[in-house]
Structure formats: structure tokens, C-alpha cells
Amino acid sequence: MKKLLRFLNGRLFYTVLLLVLQGLLLYGLIFWASVTLPVSFAFAAVSVAVAFWLVSGKENPGYKILWLLIVLTLPFFGVLLYWIFGNRTPGVPFYKRVRHSTYKGSFKRVDQEEEVMRALEERDMGAARQAAFIVNATGLALYKGTQTEFFCPLEPMFEKMVLELGRAQKYIFLEFFTIREGVMWNTVLDILKRKAKEGLDIRVIYDDMGTIKALPAHYDRYLESLGIGCVVFNPMIPILSVRHNNRNHRKVCVIDGRIGYTGGFNLSDEYINAEEKYGHWVDSGIEIRGKAVKNLLVPCLAMWNFLRNAQESVEDFLPEGEKIKDDGFVLPYTVDPYMEEDPASDIYINMIFRAKSYVYINTPYFIIDYAMEHALTTAAISGVDVRICFPGVPDKFLTHLMSKSYFPPLLEAGVKVYAYPKGFIHSKTFVCDDETAIVGSINLDYRSLFLHFENAVWMYGSRAVLQVKEDFEGRLAECRPLTPEDIRSMPWYEKALCILLKPFAPLF
């Protein structure tokens with residue numbers, strides 16, 4: 001009852017309620033106007049025209065099917081819904097400013113050192129082609145002179161991150177989807193307050209949707225009062241707008257430009273199991289030291305410039321030259337919904353298709369398009385050992401149910417799927433052939449792959465690659481293999497729900 005009352009009195013409830021009421025009012029006005037034949041014909045004509053435009057566009061096929069269904073089923077109202085919730089084209093000032101800050105301001109393409117790419121080409125041309133794709137798609141560079149360490153569970157990394165935050169001498173930049181008051185965030189905040197008093201440049205970026213239930217309203221003002229710079233990404237205003245569709249799902253911590261942390265974690269107690277949610281919480285992170293930290297710093301500063309309408313240069317935040325022993329090749333990267341292609345998905349698919357021996361995947365959600373399904377099944381049929389580790393305890397019932405509905409064709413093709421019975425896996429990792437790995441914030445679902453601002457780290461030959469593999473294999477002993485019979489034995493109403501909801505998968 002207390003949780004219900006807290007929800008009913010919260011900002012999320014009133015925001016959603018007002019958005020729903022606006023949608024119903026808009027639908028009512030359109031329905032009333034369409035009573036006359038000429039208006040009804042005009043609405044239908046507009047819907048058909050938009051449907052043809054959708055078919056001819058570059059959108060993901062699964063995304064097209066959803067919006068074609070909506071546009072043609074709800075004449076004109078469906079067009080408005082697409083414009084508000086489905087349109088990825090940066091045609092309004094908000095998106096134009098994003099593109100300007102991201103691609104023309106502080107986030108100019110990071111120059112690739114030719115000798116680094118050449119060294120990878122000499123070692124492994126296939127890996128070099130993967131790296132070249134990421135470089136060309138995201139504008140960020142491949143580095144040597146970087147050390148990596150992978151952590152799962154997250155608790156040891158958090159302890160190390162706290163130590164490094166305490167050692168900061170110039171600045172601390174944090175960019176997270178969710179921040180929630182509790183042991184984890186309060187520990188970090190105590191350090192930030194102390195460092196702000198010492199005169200360090202402290203900056204925090206958080207997404208309003210990710211924190212709408214976790215932080216009080218105007219929490220950014222509270223942080224500013226402590227001497228901590230803070231901006232909120234895309235505030236949730238209770239007005240129907242295309243702006244609400246894209247969220248900042250990144251997780252980044254940069255300290256003095258010399259060390260960075262990223263992964264699947266947010267700054268909330270469940271990530272370090274200081275609070276139990278959905279059983280035991282499994283998450284991962286990676287520590288980066290050396291040159292590649294620049295790839296975490298540059299997008300973080302670009303986002304700050306966009307949100308603050310500033311023009312700071314990344315050169316002012318780079319550390320003095322510090323020699324770090326080479327630990328393979330490291331390429332942190334960011335993706336966003338305004339890139340010309342869909343690199344978040346393409347990078348995963350590229351790794352799957354190039355696998356020779358195995359691909360091991362940790363993911364909390366599994367709502368994929370045909371291209372991803374085709375890559376996984378083709379790899380398995382070709383003899384590649386494809387394994388997916390998935391939560392046994394869901395955090396969202398419908399999303400978990402939908403995820404399971406995608407497993408039958410994979411199981412038939414020979415993909416091995418495992419459920420972690422002790423709790424919820426929030427880790428997002430790929431590891432392939434003891435050579436390459438990806439650790440980051442990118443889920444295997446439509447919103448993460450196509451609609452959100454995300455980040456990850458691609459590695460070749462780094463020690464973290466084998467650490468990701470060891471973590472995956474160690475957890476398999478605790479997991480239960482899923483079989484086709486498990487899917488067939490689902491209750492009939494769950495199967496029916498999956499059939500009804502599958503066309504709407506891009507919304508999950």
C-alpha cells in the first residue's frame with residue numbers, strides 16, 4: 001500500500017496520466033473530425049502516404065512492421081503517434097542541437113593513429129575490419145597504450161572506483177541513466193562534495209526518465225547548491241512530444257582523463273546487492289586506464305556542451321602524457337539514434353558473423369530483429385558454439401515473457417540458452433574466440449539498439465577478454481539450460497500474450 005501511495009503521489013504517475021489524457025483527447029478530436037467524408041478521406045490518404053514513405057525508408061524491418069500496423073489501423077492518429085514515438089529523424093531544434101554538439105562541436109572525429117590500425121591489421125585482419133567499422137561509424141579511435149580490467153560481480157569494481165574517485169586531482173565526470181539515493185550513490189556523493197570543496201571540476205549528467213522514480217524533483221538544483229555541476233538529459237515534461245522517445249542510457253565515469261569506468265551498472269543499490277531486487281543481481285563493469293579513456297571523455301563532454309549550450313574543448317581536459325603498458329587493442333565507443341546507420345546492432349552482428357569457435361553472450365533482455373536472429377542461427381548452424389545467459393528472475397514480466405518467445409528458432413538451430421535461477425542478470429557482454437569482447441550498456445532490445453544513447457568498449461587481445469570469458473563460464477555451472485520443451489510448456493495465456501505483443505516488440 002505504501003508503494004502504491006508513493007507511486008500515486010510521484011511525478012511519474014502525473015506525467016504518464018497527463019500524457020495519456022492528451023493522447024485520448026487528440027484521438028477524440030481526430031475521430032470527431034473524421035465523421036465527415038472529405039476529412040476521413042484526407043486522413044486515410046495521409047496514412048497511406050506515410051505508410052509508403054515508411055516502406056521506402058531505411059528503418060529496421062521489425063520497426064517498420066509495427067508502425068505500418070499502427071499508421072494503417074489508426075488513420076492520421078497513427079501518423080501522429082509515429083511522429084511522437086517512432087520518428088528518429090532529427091527535424092526539430094532539439095535534435096538539430098544534438099547533432100551539432102555531437103558531430104560539429106566538441107565531438108569532432110577523433111583522429112585515428114595509422115600505426116595502431118596497421119598493427120592490428122598485421123595481427124588479425126578480421127579484427128581490424130571490425131575495429132575499422134566502429135571507427136568509421138562512431139568517429140572514435142582505436143587505441144593501444146591502454147590497460148583494461150573486467151569486473152563481475154560489480155562490488156569489487158565499485159570499491160576500486162571509490163578509491164580512484166578519492167584520488168581525483170582535477171575533475172570527475174559522471175554520466176548515468178539512473179541515480180538512486182542509497183548506499184552506492186551516497187558513498188559517491190560524499191566524495192563528490194569533498195572534491196567540490198577542494199576546487200575540483202565535478203559534473204553529473206543523468207537521464208530524467210531513468211531517475212524519475214529514484215530522485216526528488218529538481219535534484220539537479222540540490223547538486224548545484226553543493227558546488228557540483230549537474231544537468232538533466234531530456235526532462236520528462238507532461239506534453240506529447242517526439243523528444244520523449246530517446247533516452248540517455250549510458251553509464252560513464254571519467255576521472256582526470258586518466259581512468260574511466262563503464263559497463264551495465266547504474267548508481268543504485270541493487271547493482272552492488274546492497275538492496276535485494278529480483279534475487280541476486282549480477283552486473284559487470286570495466287576499468288580503463290590510458291589513452292582509450294579519451295573515448296569516454298569526448299562523448300561525455302559533448303553531451304555536457306549540448307545540454308549546457310557550451311563550447312568547451314576536449315583538449316582542455318586531456319591528461320599529460322602517461323605511459324601505460326600495452327594491453328591489446330581497446331576501442332570505447334558511443335552510439336546514438338541519429339547516426340546514419342545502426343552501429344549498436346551492426347557491431348554485435350559483425351562479431352557474431354566473424355566468430356570461428358564460439359560466441360558467449362550475457363543479456364538481461366532478448367527482443368531482437370530478424371538480422372540478429374539470422375546472425376545467431378547462422379553461426380550456430382555453421383558449428384560456432386553460441387551461448388546466451390539470461391535472467392531466471394525477471395524485472396519486467398512482459399519484457400521477460402517476450403524475450404522467451406524469441407528463443408525457439410535459436411534453440412532449433414543449436415544455440416544454447418541458459419537461465420540464471422538465482423536472480424537477475426543485468427550484465428551486457430559479448431566474448432568471441434578468446435580474442436574479442438564487448439562490455440557496455442547496450443541491451444539486446446529495440447530501444448537500446450536503435451533508439452537510445454548508449455556506450456560500450458570493444459577489445460581485442462586485452463586481458464579483460466579472457467576475464468569476460470571466465471566470468472561467463474563460471475556462471476554456467478549455476479544456470480539451467482532452456483529447452484524447446486520449456487517454451488512449449490508455457491501456459492496457453494502466456495503464449496497468446498506473446499502472439500499479441502510480438503508486433504509491438506520495438507516498444508519494449
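This is a predicted model: local features need pLDDT of at least 70, side-chain atom pairs count only at pLDDT 80 or more; totals for chains, interfaces and linings use all residues.
View 1. The protein has 508 residues, and 57% of them count as buried. Its secondary structure comprises 21 helices and 17 strands. The accessible surface comes to about 21,600 Å², and carbon and sulfur atoms hold 60% of that area.

**View 2. Helix α10, residues 183-197.** This helix has 15 residues and reaches 21 Å from its first C-alpha to its last, close to the 21 Å expected at 1.5 Å a residue. Buried positions in α10 are Met184, Trp185, Val188, Leu189, Ile191, Leu192, Lys195 and Ala196. These residues lie on the same side of α10, because they cover an arc of only 165° around the axis. In general, an α-helix has 3.6 residues a turn, so residues three or four places apart point the same way.

**View 3. Packing partners and the end of α10.** Gly199 follows α10 and has a positive phi, near 100°.

**View 4. A nonpolar surface patch that includes Leu21.** Val16, Leu17, Leu18, Val20, Leu21 and Leu24 make this patch, with an area of about 500 Å². Leu21 is found in helix α2, which covers residues 11-33. With a relative accessible area of 45%, Leu21 counts as partly exposed, and patch residues need over 30%.

Technical notes
Residues are numbered from 1 along each chain as its sequence is written. Side-chain values use heavy atoms; hydrogens and water are left out. Patches are made of residues with over 30% relative accessible area and no salt bridge: like charges are joined within 9 Å, nonpolar side chains (Val, Leu, Ile, Met, Phe, Trp, Tyr) within 5 Å. Accessible areas come from the Shrake-Rupley method with a 1.4 Å probe; for residues, only the protein chains shown count as cover. A salt bridge is a side-chain nitrogen of Lys or Arg within 4 Å of a carboxyl oxygen of Asp or Glu. Helices (H or I, at least four residues) and strands (E, at least two) are DSSP runs, numbered from the N terminus. Buried means under 20% relative accessible area, exposed over 50%, partly exposed in between (1.4 Å probe, protein chains only). The expected span of a helix is 1.5 Å times one less than its number of residues. The arc is that of the directions from the helix axis to the C-beta atoms.
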